[in-house]
Amino acid sequence: MGVPGPFPSFAGAPDGPVMGREEVDRALAKLAAEHEAIESSLLALQDHAGRRLLEGAELTGVTKNRWSTTEQAISLLWSYFDAYTEALTRAREVRSRHRWPTQDELAELTELLCGTAITLPSSATLGGSPLLSEELGLDRLVDRMNRWYAEALDVIVSADAVWSALPARIDMLSAELHRTRSLAHSVGVRPGEHPSGDDLEQITAELTTLRAEVVSDPLAFWKPASGSSAPGGGSPDTERYDRAARALEDVRREIEAVLDVRQDAERRLMRLRDVLSRADRTLAEARQARGEVLAKIAASEVPAVSGPPTALHEQLVAAADYRRRSQWHRLSPLLESLEQRADDELLRARESLTAVTAPLAVRAELRGRLDAYKAKVARHGMAEDPFLVERYDVARRMLWSAPCDLRAAEQAVLRYQHAAAEALVPRQTGPAGQGIEGGTE
């Protein structure tokens, strides 16, 4: 409270020696300055906004207990200050009797300034003293006042800091919570129907409880600074507030996701219908192709083809119903699941079609290869070669007959391919190193 501490001119002075005139005058001057500083500090404490708030609040818990003690300390501070003032006034009165004080006056002043001439009321509730009253010197009196002032100021400043910080932040978060609840209600996110609706109820209850506790017991939300002895050293404890703020942010993101679903629902539903329609057409094509393969390809293992994804179609109908009823909170997770499963279904249908038509693809490849070699033979003028014609006809009959034996047809194509390759090799006639007209490609 701006109090420098014990007076160095008389602190620790022996009981026997009497102070001189100059020592007395110096001590009185310092006491006067000390008195003014103490009075200013006490008046500032009396006018502190935090003290007025504490006096008018319905306190609970830690704050109630500490403020009860602090109120008594402040009351005793004024009593001690009155005693201090009385002692200073008395000392001034003694000193003012003579310009050159007598030896008795100096002895009296020494007792007033350095002795234990101040009788004080009991402070048992603060210091645990069992005495109804006690006698102190000015130095110990100032030390005690400094200590109690610091403790009182710490309580007042800490409570005021919490009240200045947390309730306003809680109110702002509550306003954001109110907006989020209104938005959640508009998209069907309600308690008992959606987890985020339940979360909003819990956050609402927590903020209501938190604000009431902060207002009635601010010191329970104060974290003193470690190693700091200054009054009010520390900061408000915002852990519960921060936790509620994070929870509200998570809910807000969930609501935004639901809003995105509402805005894109029709587009996503149309895409789902298209994907499932393509999957159905692909499966139908695979079933038709399987019948064709079984009819046209002999001794072929053709995998079975499943039916249309009935469950997915039923869930698609449910999704459309959710959209029609504006149940966006139900539609959101269903669409996410359907989109992935529909894509998987289309991929499965395509793989099924590929597996079923594999024998037809092999037959088509063999037909293409046979025709390619026939064209090659014709370019070299050997299209009428009886042996090659016979080999070609055998392979062609196998490939264009139903059902087609792919293994036998493949062997026939290979025989024609080998025969054509041998026929296209130039034959050696005449002198060594000279060949007849012809060549291979």
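Start at Val-389, which lies in helix α12 (residues 386-399). Helices here are DSSP runs of H or I with at least four residues, strands are E runs of at least two, and both are numbered from the N terminus. The model is predicted, so local features need pLDDT of at least 70 and side-chain atom pairs count only at pLDDT 80 or more, while totals for chains, interfaces and linings use all residues. Residues are numbered from 1 along each chain as its sequence is written, and side-chain values use heavy atoms, with hydrogens and water left out.

**Stop 1: Val-389**

Colour Val-389 by accessibility. Val-389 is partly exposed, at 30% relative accessibility. The cut-offs are under 20% relative accessible area for buried, over 50% for exposed and partly exposed in between, using a 1.4 Å probe and protein chains only. Now show its partners. Leaving aside neighbours within four places in sequence, Val-389 is in contact with Ala-383 and Glu-384. Contact means heavy atoms within 4.5 Å. Tyr-416 is 27 residues from Val-389 along the chain, and their C-alpha atoms are separated by 8.9 Å.

**Stop 2: Asp-199**

Select helix α7 (residues 195-216), where Asp-199 is placed. Is Asp-199 buried or partly exposed? Asp-199 counts as partly exposed, with 32% relative accessibility. Draw a C-alpha to C-alpha distance from Asp-199 to Asp-250. The line reads 9.5 Å, across 51 residues in sequence.

**Stop 3: the whole chain**

Zoom out. The protein has 13 helices and six strands. Of its 441 residues, 37% are buried. Take the contacts between residues at least 6 apart in sequence: 72% of them join residues at least 24 apart.

**Stop 4: the nonpolar core**

Next, select the largest nonpolar core, a set of 106 residues. A nonpolar core joins buried Ala, Val, Leu, Ile, Met, Phe, Trp, Tyr and Cys residues through side-chain atoms within 4.5 Å. Which residues have the most contacts inside it? They are Leu-54, Leu-113, Met-145, Val-214 and Leu-388. Pick Val-214. Beyond its neighbours within four places in sequence, Val-214 is in contact with Val-162, Trp-163, Leu-166, Pro-167, Ile-170 and Phe-221.

**Stop 5: α3 against α6**

Show helix α3 (residues 61-95) and helix α6 (residues 138-186). Two packed helices are described by the angle between their axes and the distance between the axes. Here the axes come within 9 Å and cross at roughly 150°. Axes are lines fitted to C-alpha atoms, for helices over the stretch in contact, with angles from 0 to 180 degrees between N-to-C directions. The crossing of α3 past α6 is left-handed: the near helix is turned anticlockwise from the far one by less than a right angle.

Thr-70 is buried, at 6% relative accessibility.

**Stop 6: an aromatic pair**

Stay on α3 and select Trp-78 and Phe-81, three residues apart, about one turn of the helix. Their aromatic pair is edge-to-face, 6.0 Å centre to centre with 90° between the planes. Rings of Phe, Tyr and Trp (its six-membered ring) pair with centres within 6.5 Å; planes under 30 degrees apart are stacked, over 60 edge-to-face, the rest tilted. The structure holds three aromatic pairs. Trp-78 is partly exposed, with a relative accessible area of 23%, whereas Phe-81 is buried at 5%.
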